[in-house]
Amino acid sequence: MKKESMETELLRAHVCDAAEIHAMQVEAFKELLEKYQDFDTNPGSETVEKVEARLKQEFTFYYFICIGQQKAGAIRIVDRKEHGAGKRISPLFILPAFRGRGIAQEAIRLCEEIHGKENWELDTILQEPENCHLYEKMGYRQTGRTEVINERLTLVFYDK
């Protein structure tokens with residue numbers, strides 16, 4: 001399935017793409033992992049086996065986020081396709097060379113076109129104002145729930 005908007009395109013990933021997604025995820029989250037030392041929760045410290053297991057879940061949709069012919073990042077959508085069931089973004093990442101271009105916003109918009117515009121949830125790092133701003137700009141609102149991971153990092157939860 002391909003969904004296009006301007007120059008950003010989503011390309012559905014499959015189990016055979018696990019190693020590529022894992023390598024991109026490690027690169028994209030490296031800086032945050034070093035900064036926050038959140039080895040149990042950071043996608044950058046996950047194994048390729050965990051990515052592969054997610055790709056095998058019938059309710060998981062991984063998409064490469066492409067700019068032209070280049071893969072700029074990826075997004076995973078958890079969508080159980082049940083009436084009233086929430087959808088979740090976890091994770092969403094853009095490789096460092098592609099950041100600051102609005103690509104993440106476009107990817108979220110495209111995913112909402114595919115999976116529906118309502119009943120979404122996600123969490124992000126409270127100490128990363130750019131991440132919080134991105135989701136708030138996209139219509140997500142803090143739920144009031146937070147989870148302290150360590151003395152440096154707190155997760156903040158959003159819904160839409």
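Predicted model: local features only at pLDDT ≥ 70, side-chain atom pairs only at ≥ 80, totals over all residues.
Phe29 is located in helix H1, and its relative accessible area of 10% places it among buried residues, because burial is assigned under 20%. Apart from neighbours within four places in sequence, Phe29 is in contact with Asn42, Pro43 and Gly44, and also with Pro91, Leu92 and Phe93. The C-alpha atom of Phe29 is separated by 15 Å from that of Arg76, a residue 47 residues apart from Phe29 along the chain.

Asn42, one of the contacts of Phe29, lies in the loop that runs between helix H1 (18–36) and helix H2 (48–55). With a relative accessible area of 3%, Asn42 is likewise buried, since this value falls under 20%. When neighbours within four places in sequence are left aside, the residues in contact with Asn42 are Phe29, Leu32 and Leu33.

A further packing arrangement involves helix H3 (residues 103–115) and helix H4 (residues 129–137), whose axes are 10 Å apart and meet at an angle of about 40°. The crossing of the two helices is right-handed. On the H3 side the contact is made by Ala104, Gln105 and Ile108, whereas H4 contributes Leu134, Tyr135 and Lys137.

Methods. Residues numbered from 1 in each chain as written. Heavy atoms only, no water. Helix = DSSP H or I, 4+ residues; strand = E, 2+ residues; numbered from the N terminus. Buried < 20%, exposed > 50% of the residue type's maximum accessible area, 1.4 Å probe, protein only. Contact = heavy atoms within 4.5 Å. Axes fitted to C-alpha atoms, helices over the stretch in contact; angles between N-to-C directions. Left-handed = near helix turned anticlockwise from the far one by under 90°.
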